[in-house]
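Welcome, and please load the model in your viewer. We will go from one selection to the next and say what is there.

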Amino acid sequence: CCKKYVARHKVMSGGRVLGRKCRSLKPGSSSCVYVCPVEWTARRHSSASAVEYCMNQVRKYDHDHYLCTLLLRGWSRSAVFALRAFNVEVAQVKDIVSESKIGEMRFQFWRDALDAAYSGRTPPDHPVAVALTAAVRKYSLSKHWFTRMIEAREADLATRFYQSTRDMEAYAESTFTAVLCLTLEVLGVKDLASDHAASHVGKAEGIVTILRASGYLRSTRCVLLPMDILTRHGASQEDFLRATTTQALQDAVYDFASLAHTHLLTADALMKKLPRETRKALLPLVVCKDFLKQLQRQDFNPFAPSLAKRNSLLPFILLWHSIRQ
């Protein structure tokens, strides 16, 4: 797609997605549409309204991390909500687009928005882009984490299964861990030990997210339990798709959950020697532990209805852990 666009816009049907026509197109030629994944408004977003939008998006689509972010220091929350809202935007692309080409165009929008943020140009009039630009410039956030997130999400558009646990962990490292490392940068923490702990928490989050989303993944006929774990226990993708709670499938889920537990134990051991700010940034570890306990109570049946419900005690559990830090 051409990098230059005219000021004329058109709103496409469906989710009111903005499209801009390429400057290089001749009259009468087919349009090259550049997608902006947000309802367009005529006014530019103020910094305050952009942050409010980000908070609402995270509260609606990523409630556990919304709770964790509320417990960070006040001066850092706006930036972290911007990071989390950006993660929501790129994570949703796979679920809301019907064609990979449209997904690629959405990712290109975010690449261009980040280029504007790092080059000093005015960001697109998208509330997440506005808030993210402010965070990038205020805290000098590392661009490579954003690049990894976009590349991993884009590559995941066509992913229906993971061949190995290593593949799944590589994806989690580029997505969940990336957000945690950027959060550490906002809090002023830049050291290898903290990044190492964040890596383990991010991988655990990746596993927990797959297990928690089992019902939804089954409805889309997508099996993200790694094939090497399923094969090891004699389980099949059909067992998962039929929601048949065979002993083999439960053993595979137990194995997968145990891997997450191992990552959390490692992160716990590392965090004892790390700054308080690191422990605050890695509060999602508590969310993972809580889910794994619930899964254990359900005898490692990932389709148990109770696993799809929010734990009403989680806010208090997080607050207690935050106070202890």
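Start by selecting Phe86, Phe109, Trp110 and Phe146, which ring pairs link into a cluster. Here, rings of Phe, Tyr and Trp (its six-membered ring) pair if their centres lie within 6.5 Å; planes under 30 degrees apart count as stacked, over 60 as edge-to-face and the rest as tilted. The structure holds seven aromatic pairs.

A word on conventions before the next stop. This is a predicted model, in which local features need pLDDT of at least 70 and side-chain atom pairs count only at pLDDT 80 or more, while totals for chains, interfaces and linings use all residues. Residues are numbered from 1 along each chain as its sequence is written, and side-chain values use heavy atoms, with hydrogens and water left out.

Now select Tyr66 and Phe81. Their rings form a tilted aromatic pair, 5.7 Å centre to centre with 40 degrees between the planes. The pair links distant parts of the chain, 15 residues apart: Tyr66 sits in helix H2 (residues 63-70) and Phe81 in helix H3 (residues 74-96). Helices (H or I, at least four residues) and strands (E, at least two) are DSSP runs, numbered from the N terminus. Both Tyr66 and Phe81 are buried, where buried means under 20% relative accessible area, exposed over 50% and partly exposed in between (1.4 Å probe, protein chains only).

Next, pick Tyr162 and Tyr171. They make another tilted aromatic pair, with 6.2 Å centre to centre and 40 degrees between the planes. Why does Tyr171 count as buried? Because its relative accessibility is 15%. Tyr162 is buried as well, with a relative accessible area of 7%.

A cavity is a set of points, on a 1 Å grid over the protein atoms alone, where a 1.4 Å probe fits but cannot get out; lining residues have an atom within 4 Å of a point. Select the lining: His65, Cys68, Thr69, Leu72, Val80, Arg84, Thr183, Lys280, Ala281 and Pro284. Which helix gives the most to this lining? H2 does, with three residues. H2, H3 and helix H13 (276-281) each supply at least two.

Finally, zoom out to the whole protein chain, with its 15 helices and three strands. Of its 325 residues, 51% count as buried.

Note on methods
1 Å grid on protein atoms, 1.4 Å probe; cavity = no way out; pocket = protein on both sides within 12 Å on 5 of 7 lines; lining within 4 Å.
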